[in-house]
Amino acid sequence: MRTLSLPLALTARISPVVVLAAAGWALTSGPATTPAAEKESAPKSAGESPSGASTAAATKQYASAPAPCGSIGTATLKSLVPGAKTAGKEIPSTDTSLRRTCSWNALKGYDYRWLDVSFEITESDAAAAKSYKENTAEKSGGGSVPGVGDAGYSVVNLTTEDKQQTREGVVIIQASNALVTVTYNGSDFESKKAPSTDEINKGAIKAAKEAVAALESGQKV
């Protein structure tokens, strides 16, 4: 019998202990109310408007994160992560209304695959757009994913450890005040090679599209 020796990085990923902290945003209030006497004597600035409070109100579409382990179809899971339990494993979160993540991983023969789907609900569309911009800036070398949510980005990277290749794709989608992040990677422990860029990229995008569809059909504000 042949014994498999997993690289340290992948061995650590297979371990189920993962801690994800929810991120939050605080909206600042408008300027303090000016006493009536001062209002009469102080000239109005060009940008001041009686309707300013209503126009500055934050917009958002989603109230909470959907169940992540039910966001990907069974056929897709069997295709992307052969041998994995389709029920998945939800990762503990400090606030499941704000952030929820599900993971699937399996080693079938010598082929290893890992899939993560994460939903993050922010306070507003603007907060989600800001987080999307920051996250995509950290992952250079990718490209846009059109037709999904308000904005989409995909990037694929290859790493090698102990002569074992691993290729990982990350897709980030902003949909109103929600962020959907999909991570998909794979390795072949017999050939020491990784799946092709095309396979990983298409797989991650397919999962992202299904996750966004699950978000859109779920609870809204």
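What should the 13 residues of helix α5 (residues 125–137) span at 1.5 Å a residue, and how far apart are its end C-alpha atoms?

1. This is a predicted model, in which local features need pLDDT of at least 70 and side-chain atom pairs count only at pLDDT 80 or more, while totals for chains, interfaces and linings use all residues. Residues are numbered from 1 along each chain as its sequence is written, and side-chain values use heavy atoms, with hydrogens and water left out.

2. Helix α5 should span 18 Å, and its end C-alpha atoms are 18 Å apart, so the two agree. The expected span is 1.5 Å times one less than the number of residues.

3. In α5, Ala-127, Ala-128, Ser-131, Tyr-132 and Thr-136 are buried (under 20% relative accessible area; exposed is over 50%, partly exposed in between; 1.4 Å probe, protein chains only). They lie on the same side of α5 because they cover an arc of only 155 degrees around the axis, taken from the directions from the helix axis to the C-beta atoms. Ala-126, Lys-130, Lys-133 and Ala-137 are exposed on the other side of α5.

4. The buried residues of α5 pack against β5 (151–161), β6 (164–175) and β7 (178–188), a contact being heavy atoms within 4.5 Å.

5. The chain has 6 helices and 7 strands, as DSSP runs numbered from the N terminus (helices H or I, at least four residues; strands E, at least two). Their order along the sequence is α-α-α-α-β-β-β-α-β-β-β-β-α.

6. Of the 221 residues in the chain, 37% are buried. Among contacts between residues at least 6 apart in sequence, 63% join residues at least 24 apart.
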